[in-house]
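I opened this notebook to look up salt bridges. The structure comes before the entries.

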Amino acid sequence: LGMAGLPAGVSPQDQTRLQILLQQREDAATELREAREAEAYPLQDVQSARREFTSLPEVRSFAQQTQALGRVVSSAEDPSPAGDLALIFNYMKILDPGSVVREGEFATAQNAGSVDTRVRSLYNRLLEGERLTPVQREDFLDRAVRIYEGAETQYQSIADQYRGFAEAAGLPVEQVIPDFTYAGEIPRSVVPETPEGYSRSEWFDIWQRMTPEEQQAYREAGE
């Protein structure tokens, strides 16, 4: 054998070409091995696990509730007839993501799912031109946040369970479990909790009449 283990009698030029070919094959084999090691999970398994998680009724409902919360927050910042209508419509979607009522059409027991009669009635009155009061607007925003946070707790419980399944299977958790939680800042009521002995409406009016200094003093006294 000659140079680099090649048969004797091979010309120097052929030996060089053969050595280059052998080196290229070795480099290709190394790259393939490294790629397989880096991708320790089949793509099909990731897609299947993700599909299973995202198709869960609870997960699909929560994703819809997250979208509705974003619209509720935006609508609460727009005290207009259209904003009021959108606020209550999306509040109903948070209450029951499966409701099939369409924005702009009257809500009924058939298309509004489990949404109660009082909310349906208010929504229908808004369609006819009624407006929300500041107290109502704040109240529905607060209710929407509370309902959403309850749904988020349930969603996180399911996500944690599937996160454990993905880790046990050696799958990338961030690709299997999409983050469907609300990405914005969840608003909190600017008006403190209602003191005992007052209705929310009465307390709201009192708070609005306070000076900024009085409001600050009240907050500090409650800390």
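I counted a salt bridge wherever a side-chain nitrogen of Lys or Arg lies within 4 Å of a carboxyl oxygen of Asp or Glu. By this rule I have seven salt bridges.

I noted that this is a predicted model, where local features need pLDDT of at least 70, side-chain atom pairs count only at pLDDT 80 or more, and totals for chains, interfaces and linings use all residues. Residues are numbered from 1 along each chain as its sequence is written, and side-chain values use heavy atoms, with hydrogens and water left out.

I checked pLDDT, the predictor's confidence in each residue, from 0 to 100. The protein averages 83, and 89% of the residues score at least 70.

I looked up Asp84 and found its side chain in a salt bridge with that of Arg131, at 2.9 Å from N to O. Asp84 sits in helix H4 (residues 81-95) and Arg131 in the loop between helix H5 (117-127) and helix H6 (134-168), so the pair ties together parts 47 residues apart in sequence. Helices here are DSSP runs of H or I with at least four residues, numbered from the N terminus.

I then looked up accessibility (buried is under 20% relative accessible area, exposed over 50%, partly exposed in between, with a 1.4 Å probe and protein chains only). Asp84 is buried at 0%, and Arg131 is partly exposed at 35%. I also found Asp84, Arg131 and Arg137 linked in a network of salt bridges.

My last entry is Glu130, whose side chain meets that of Arg125 in a salt bridge of 2.9 Å, N to O. Glu130 is partly exposed at 32%, and Arg125 is partly exposed at 33%.

Note on methods:
Helices (H or I, at least four residues) and strands (E, at least two) are DSSP runs, numbered from the N terminus.
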